[in-house]
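Good morning, colleagues. Please look at the sequence and the structure.

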Amino acid sequence: MLPLGDDTLDADHIVSNLRDIEKRIAAACQKSERARESVRLLLATKTVSADRIRVALEAGATLVGENKVQEFIAKSDALADLTYERHYIGHLQSNKIKQVLRYVNCIQSIDSVELARKLQDRLEFEDRTVDILVQVNTSYEASKFGVDPDQAEHAVREIARFDRLRIRGLMTIGLLFSHGERARRCFVKLRQLREQIEQLQIEGVEMQELSMGMSPDFEEAIAEGATTVRIGMSVFGRRPTPDGYFWKESDR
Ligand SMILES: *Cc1c(COP(=O)(O)O)cnc(C)c1O
């Protein structure tokens with residue numbers, strides 16, 4: 001068991017965990033004969049304080065993802081003196097779009113055409129664009145956000161009509177608390193969907209990015225072609241809040 005959350009993991013511990021993950025990513029890349037540069041590490045920092053994120057950023061991390069708009073804004077403010085990429089990876093309520101756009105470089109969790117439409121409206125108003133990934137619910141678990149795999153092609157086609165959203169690829173959470181073959185099936189599914197959608201050559205749609213793999217299963221995700229792995233606990237320790245709080249349907 002990892003030590004519990006924010007208060008017990010000191011800076012040295014975070015840095016050594018980060019080094020360890022770096023090594024494991026490099027080894028997984030080598031095993032699949034992929035270039036190390038083809039996979040990015042995103043630190044999933046829900047519940048982690050800005051000070052601790054700062055430790056990781058100063059140790060070389062470049063990409064951070066948050067699940068809740070309030071946390072995203074507060075920590076982005078606190079870390080405004082540092083240069084790093086800020087992604088949003090949680091379910092986004094449409095009334096929070098304006099806030100999230102203040103800092104975000106990429107919204108990985110576009111999980112409905114309706115949300116995309118509202119994002120488009122706001123981006124038109126601000127006269128700008130934003131990178132997005134379409135989130136797919138590859139595990140078919142009702143408790144998770146994302147479009148159904150069977151609907152993914154349709155959703156991408158619809159979202160592609162919103163010219164302010166630059167579709168870069170797909171994201172999935174996969175099966176919770178699972179690794180091995182069961183988790184791998186979700187990653188295979190996402191990879192196949194990417195290939196399928198890529199072949200359609202939909203105007204304005206790029207499909208390079210596959211954001212998949214978390215602490216228990218990122219090595220399998222890399223073997224299946226992940227371009228971004230999202231890791232929290234293995235760097236920062238166990239979280240005080242159950243993940244259901246971040247992922248459940250009741251959040252809508
Ligand atoms: C928390 C979270 C992660 C990272 O999970 P860990 O098990 O802490 O590595 C990845 N993706 C999303 C969307 C998350 O909410």
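The largest cavity is lined by I53, V64, E66, F72, K75, S76, L79, Y84 and R86. A cavity here is a set of points, on a 1 Å grid over the protein atoms alone, where a 1.4 Å probe fits but cannot get out, and a lining residue has an atom within 4 Å of a point. Strand 2 (63–66) and helix 4 (69–78) are the elements that give two or more residues to this lining. Helices (H or I, at least four residues) and strands (E, at least two) are DSSP runs, numbered from the N terminus. Helix 4 supplies the largest share, three residues. By class, the lining of the largest cavity has five nonpolar, one polar and three charged residues. Ala, Val, Leu, Ile, Met, Phe, Trp, Tyr, Cys and Pro count as nonpolar, Asp, Glu, Lys and Arg as charged, and the others, including Gly, as polar.

The model is predicted: local features need pLDDT of at least 70, side-chain atom pairs count only at pLDDT 80 or more, and totals for chains, interfaces and linings use all residues. Residues are numbered from 1 along each chain as its sequence is written, and side-chain values use heavy atoms, with hydrogens and water left out.

The volume of the largest cavity is about 50 Å³, a volume being the space filled by probe spheres set on the points, which are joined across faces, edges and corners. The structure has three cavities of 30 Å³ or more.

I turn to the helices. How are two packed helices described? By the angle between their axes and the distance between the axes. Helix 2 (residues 11–31) packs against helix 3 (residues 50–58) at an angle of about 45°, and their axes are 9 Å apart. Axes are lines fitted to C-alpha atoms, for helices over the stretch in contact, and angles run from 0 to 180 degrees between N-to-C directions. Helix 2 and helix 3 are therefore oblique to each other, since angles under 35 degrees count as roughly parallel, over 145 as roughly antiparallel, 65 to 115 as roughly perpendicular and the rest as oblique. A11, I14, V15 and L18 of helix 2 make the contact with R52, V55 and A56 of helix 3, where contact means heavy atoms within 4.5 Å. This contact has six nonpolar, no polar and one charged residues.

In the second pair, P149, A152, E153, V156 and R157 of helix 7 meet K189, L193, Q196, I197 and L200 of helix 8.

Notes
1 Å grid on protein atoms, 1.4 Å probe; cavity = no way out; pocket = protein on both sides within 12 Å on 5 of 7 lines; lining within 4 Å.
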